[in-house]
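Please walk me through this structure. I would like to know what surrounds its parts and how they pack.

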Amino acid sequence: MKLTPRQLTLCALLTAMALALSYLENLFPLSLAVPIPGVKLGLANIVTVFALYALGPGEALLILLARCFLGSLFAGNMNALLFSLLGGLCAMGTMALLSRRRGLSIYGVSIGGAAAHNCGQIAAAALSLGSAAPLYYLPVLLAVSLLTGGLTGLACACLFRGLRRTNLTKG
């Protein structure tokens, strides 16, 4: 994939935004309001969904990979990289496939991505623990992904509505 300078600049800006949103989300843990371990809104996923629709799956994947690697590096937590990558890659693949389906809105794509992200993270937990025990927690996370994915989809739909008159998006 060959990126133009404009595309590369936009990918770098979106990666920085995703990293900032991820950092911001860690400052205000959702566990204070929702007593379910491991639940996050996934604010950085707004950028991933936006990039998927505005730039395409290739660029969105580059942004996701950069965010996962840089986020783990900046946080000093390379153990979290497995969880970020498996969750992110599962979500990206699912959203790329779902975004091609006619009649499925950005909300449905975002909810599918949130559910796939949780599946990927449970798989990472099962791999790192060497046990299938984390699978018992999957139904709880899938139920929460309806809310978090819906909120991400809503934020992204609002973003596209706000950017309608710019030439930032491709369509």
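Glu59 touches Met1, Leu3, Gln7 and Cys11, leaving aside residues up to four places away in sequence. The model is predicted. Glu59 is found in helix H3. Its relative accessibility is 11%. Buried means under 20%, so Glu59 counts as buried.

Now step back to helix H2. This helix covers residues 44-54, and nine of its eleven residues are buried. H2 is therefore largely enclosed by the rest of the structure. The buried residues are Ala44, Ile46, Val47, Thr48, Val49, Phe50, Ala51, Leu52 and Ala54.

What covers them? The cover over the buried residues of H2 includes helix H1 (5-27) and helix H3 (57-75). It also includes helix H4 (80-98), helix H5 (106-129) and helix H6 (138-162). Just after H2 comes Gly56, with a positive phi of about 120°.

One of these neighbours, H6, can be followed in detail. Two packed helices are described by the angle between their axes and the distance between the axes. For H2 and H6 the angle is about 50°, and the axes lie 9 Å apart. That angle makes H2 oblique to H6. The crossing of H2 past H6 is right-handed.

Which residues make the contact? From H2 come Asn45, Ile46, Val49, Phe50, Tyr53 and Ala54. From H6 come Thr152, Ala155, Cys156, Leu159 and Phe160. Nine residues of this contact are nonpolar and two are polar. No charged residue takes part in the contact of H2 with H6.

Methods:
Residues are numbered from 1 along each chain as its sequence is written. This is a predicted model: local features need pLDDT of at least 70, side-chain atom pairs count only at pLDDT 80 or more; totals for chains, interfaces and linings use all residues. Side-chain values use heavy atoms; hydrogens and water are left out. Buried means under 20% relative accessible area, exposed over 50%, partly exposed in between (1.4 Å probe, protein chains only). Helices (H or I, at least four residues) and strands (E, at least two) are DSSP runs, numbered from the N terminus. Contact means heavy atoms within 4.5 Å. Axes are lines fitted to C-alpha atoms, for helices over the stretch in contact, and angles run from 0 to 180 degrees between N-to-C directions. Angles under 35 degrees count as roughly parallel, over 145 as roughly antiparallel, 65 to 115 as roughly perpendicular and the rest as oblique. A crossing is left-handed if the near helix is turned anticlockwise from the far one by less than a right angle, and right-handed if clockwise. Ala, Val, Leu, Ile, Met, Phe, Trp, Tyr, Cys and Pro count as nonpolar, Asp, Glu, Lys and Arg as charged, and the others, Gly among them, as polar.
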